[in-house]
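Got the model open and a few minutes to click around? Here is a walk through it, one selection at a time.

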Amino acid sequence: MNRIVTPQSARQALDGTVSRLVQEFTARPLAPREACDRGLAKLRTARHGTLAIIQDLTQEESDFFPGTLLPSGKSWSIGQVVQHLILIEGFYRGHMQNLIELGRKGASKKNLELTFREIDNSIAFVPKAVISKLAAPLNLLNMFIPQAIREEIFRTPVIPGINPSAGEPVLSRPIAELRTEAEASLRATEAMFSGYLPPDLLERTFSHPLLGANNVADVLGILAAHEQRHHGQIRRVFADPHFPPRPKNAI
Amino acid sequence: MESLDLTSTFAGALGFMQSSARFMGAFLPGHEMQEAQNKLEAFRLFAYVDRELGFPGSRPNLSFMVRRARTLPPWRMIFALEGVAHYYASGASSDNPLAGMLAGPELPESAMVAMHSGMGTAVAGSVLARLGPNPSNAELRRGIEAFFDTCRENSRPGWFVNAIEAMGLAVRTLNPPMLMRASAVIGEIDAEAQRFYWHGVGRSLYFVPSNFITVANSHERALRAAIDEAPTFEARCNTVAGLAWAVTLVNVQHPAVIENLVRVSPFIRMPGVIANGIISALMAWKHMVPETTDLAPYLRPGSPAARASGLWNDIVAMPAVEAFGRRFQELTAPYSAGRPTIANLFEYQDWGVIRK
């Protein structure tokens, strides 16, 4: 669904973006439990959105390839988008688990530096080989990007991205399995946060040149924003003129 | 690699803006620079209350924080009290939830207007943060019901509506594209709450970035936004009243600012609503600062030589005399169920005191 932009909606959008930034600058630091609860709630909302979209999807619809290409030169079916979301969540769950474990052990090192070797993502039109050479300036740039802006970059496809290899889907998988896995993956992430959370958890981060330094709550917010970005991609597949005809209950 | 300390950087930027407004105010005529100082100071006291009052790191005792805030001069105290409640409620989590935060009689009654607003803003902010930018209607409804429940459990009897009004302020500030959907969901749950919601939207319009700068006809701009954004006549009345409330409370010590609002308001043709917002805020001020002497300019007729003195008399002086003569006593009488309190000033009410 395309929103009509009016002067009023543009003013409101600007107000919202600036206010969220100001809130980030002025907000009291949250307790780890509260910050993680908020991040999980955002991820839950995004995942429920995904599950609602694929609720009635047939295998034919799930496997349909749209005519339009992604900036990376690839074209993904809806099923592949869902696979990608599950893979990415699982990938970052591992890193988040690592941070929680280090906190529980009281490890002195607070930041884990990840390079393009571990997460080989990129920006569209910038080859992965080139972006890896830009690690130092990107690290510097990321110091100045507040979390609210970072999430917004992930949510809105203004800057097209190229997925890391860890999030690369296979050609086709049964849609029923994907539905089950999407639910199970969210439950696994929720379970990870159900136990004791170390008090210094939010001071522990992993940093990456393209993603900046993020604690577990930041990562949950980014995962939710990333998933919402892909909702737009799924809607575009639905809107493809060659998409298999379906009843009116489509999104 | 460490990120910059954005909190300190922004606090420094706010201080710089205040100093600039103070400096320019010495040279420029008009109320604008004074209004800018008032707005920045009110926001700074609310947002950085922990620094202003020197709280220790962890979650300090609420009574201790209130005592500290009450050592400030009255105008600064009310914004600091709102900040204290916001700060305290923002520290809650599922491990450490709010439990009857303002429900007990320990805290002074005169702190309740500011503190219910601060608490409501914090709880609404937490709910919105959990919902993310585009929740489904079912999720939005669950979030708003949770907000109502938390406000109910933590408000003093008779003050619940004061706390829930802040949802309008939070939505318009943090997620304005959701303004109409949240209104509809609140209307389904409780039609009365919808009126308070739009009053909160009106208050926020005084502070949102597009209206924050006090030059270039800022009052007209904000009034126009209040008219444009509210979908119904009732919502419009509450939004305009909420805006007038915010202008009045922030600038209560500088009547020239309120005079400007009155002077520019005829274009929206809602004199009774502007009067309601201004007089409600003055009554709230009197409730918060019983010993105040700041109300005298509002209770006497405007000088015949002054611009818009007729409007001032109709919209401010006469309704204020009427309200303080009768209505204020009713609202501040001991609470009993079903009887309106000061908290009910957070919605537009037609008092019928405007001369036709």
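What follows is a list of stops, each with something to select and a note on what is there.

**Before you click**

This is a predicted model, in which local features need pLDDT of at least 70, side-chain atom pairs count only at pLDDT 80 or more, and totals for chains, interfaces and linings use all residues. Residues are numbered from 1 along each chain as its sequence is written, while chains are lettered from A and ligands numbered from 1 in the order in which they are written.

**Stop 1: chain A as a whole**

Going along the sequence, the order is α-α-α-α-β-β-α-α-α-β-α-β-β-α.

Of the 251 residues here, 35% count as buried. Buried is 20 or more other C-beta atoms within 10 Å of a residue's own, exposed is 12 or fewer, partly exposed is in between, and the C-beta atoms are placed from the backbone. Among contacts in chain A with a separation of 6 or more, 84% are between residues 24 or more positions apart. A contact is two residues with C-beta atoms, placed from the backbone, within 7 Å.

**Stop 2: where A meets B**

Now show both chains. On chain A, 34 residues are in contact with 34 residues of chain B. Which elements give two or more residues to the chain A side? Colour α1 (7-26), α2 (32-54) and α9 (216-238) of chain A and you have them. The top giver is α1(A), with 14 residues. By class, the chain A side splits into 13 nonpolar, 11 polar and 10 charged. For those classes, Ala, Val, Leu, Ile, Met, Phe, Trp, Tyr, Cys and Pro are nonpolar, Asp, Glu, Lys and Arg are charged, and the others, Gly among them, are polar.

A:Val18 is partly exposed, with 16 other C-beta atoms within 10 Å.

**Stop 3: a covered helix in chain B**

Select residues 166-174 of chain B. This is α9(B), and nine of its nine residues are buried. Its buried residues include B:Met167, B:Arg172 and B:Leu174. They pack against α1 of chain A, and also against α6 (112-131), α7 (137-154), α8 (160-164), α10 (179-189) and α11 (191-205) of chain B.

**Stop 4: two helix pairs in chain A**

Start with α7 (residues 147-155) and α9 of chain A: they pack at about 30 degrees, with axes 7 Å apart. Axes are lines fitted to C-alpha atoms, for helices over the stretch in contact, and angles run from 0 to 180 degrees between N-to-C directions. That makes the two roughly parallel. Under 35 degrees counts as roughly parallel, over 145 as roughly antiparallel, 65 to 115 as roughly perpendicular, and the rest as oblique. Side chains to show include A:Phe154 of α7(A) and A:Ile222 of α9(A). This contact has three nonpolar, four polar and five charged residues.

Next, take α2(A) with α8 (residues 175-192) of chain A, packed at about 170 degrees with axes 11 Å apart. These two are therefore roughly antiparallel. Among the residues that meet are A:Leu43 and A:Leu51 in α2(A), and A:Ala182 and A:Leu186 in α8(A). Here the classes come to seven nonpolar, two polar and five charged.

**Stop 5: the cores**

A nonpolar core is a set of buried Ala, Val, Leu, Ile, Met, Phe, Trp, Tyr and Cys residues joined through C-beta atoms within 7 Å. The largest has 112 residues, and B:Leu81, B:Val84, B:Ile164, B:Val240, B:Leu243 and B:Ile278 have the most contacts inside it. The biggest share comes from α6(B), with 12 residues. Centre on B:Val240: beyond neighbours within four places in sequence, its contacts include B:Leu223, B:Ile268 and B:Ile274. Apart from that core lies another, of 40 residues, among them A:Ile54 and A:Leu220.

**Stop 6: two loops in chain B**

Is B:Arg269 buried or exposed? It is exposed, with 8 other C-beta atoms within 10 Å. Look for B:Arg269 in the loop between α15 (255-264) and α16 (271-288) of chain B. Its phi is near 55 degrees, a positive value in a residue other than glycine.

Finish at B:Gly302, in the loop between α17 (296-299) and α18 (309-332) of chain B. B:Gly302 is buried, with 20 other C-beta atoms within 10 Å. Leaving aside neighbours within four places in sequence, B:Gly302 is in contact with B:Ser309, B:Trp312, B:Asn313 and B:Ala317.

Conventions. Helix = DSSP H or I, 4+ residues; strand = E, 2+ residues; numbered from the N terminus.
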